[in-house]
Amino acid sequence: TYVVTDNCIMCKYTDCVEVCPVDCFYEGENTLVIHPDECIDCGVCEPECPADAIRPDTEPAMESWVAFNRKYADQWPVITRKKEPLPGYQAMDGLPGKLEKYFS
Ligand code: SF4
Ligand code: F3S
């Protein structure tokens, strides 16, 4: 599966949702997640994210991100249309520690 990671938080560019063939992106207030059980591993969303936040779970230490994506995909509504990024997204893009700051 692919998953959304830290750098989506407080940015939410949403370019990713338009290309997903199975509509498996889910939207929270501060970030998006991918449902790991619905993602068909096509990989087309990865290069679409300007924040480079979408990663394959074959990369090291991705278990916690898979769990994070699964947890919130079960709770949040699906999103299939691109919308404006969050206000202040430029300043937030690349900021370290966003998970700890906004999800603790
Ligand atoms: Fe959707 Fe493909 Fe991205 Fe999975 S890898 S979330 S199926 S676009
Ligand atoms: Fe987030 Fe990147 Fe999509 S910032 S909303 S994963 S395009």
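Here are legends for a few views of this predicted model.

Residues count from 1 along each chain as its sequence is written, while chains are lettered from A and ligands numbered from 1 in the order in which they are written. As the model is predicted, local features need pLDDT of at least 70, side-chain atom pairs count only at pLDDT 80 or more, and totals for chains, interfaces and linings use all residues.

**View 1. The whole chain and its fold.** You'll find four helices and four strands here, in the order β-α-β-β-β-α-α-α from the N terminus. Helices (H or I, at least four residues) and strands (E, at least two) are DSSP runs. The C-alpha atoms sit in a box of roughly 30 × 30 × 25 Å along the principal axes.

**View 2. The inside of the chain.** Of the 104 residues, 36% are buried, that is, with 20 or more other C-beta atoms within 10 Å of their own, C-beta atoms being placed from the backbone.

**View 3. Surroundings of ligand 1.** This ligand has 14 residues around it, and the closest are Tyr2, Cys20, Cys39, Cys42 and Cys45. A residue makes the list if its C-beta atom, placed from the backbone, lies within 6 Å of the molecule. The shell splits into 12 nonpolar, one polar and one charged. Nonpolar means Ala, Val, Leu, Ile, Met, Phe, Trp, Tyr, Cys and Pro; charged means Asp, Glu, Lys and Arg; the others, Gly among them, are polar.

**View 4. Surroundings of ligand 2.** Here, 14 residues surround the ligand, with Cys8, Tyr13, Cys16, Cys49 and Ala51 the closest. The shell holds 10 nonpolar, one polar and three charged residues.

Technical notes
Buried ≥ 20, exposed ≤ 12 C-beta atoms within 10 Å, placed from the backbone.
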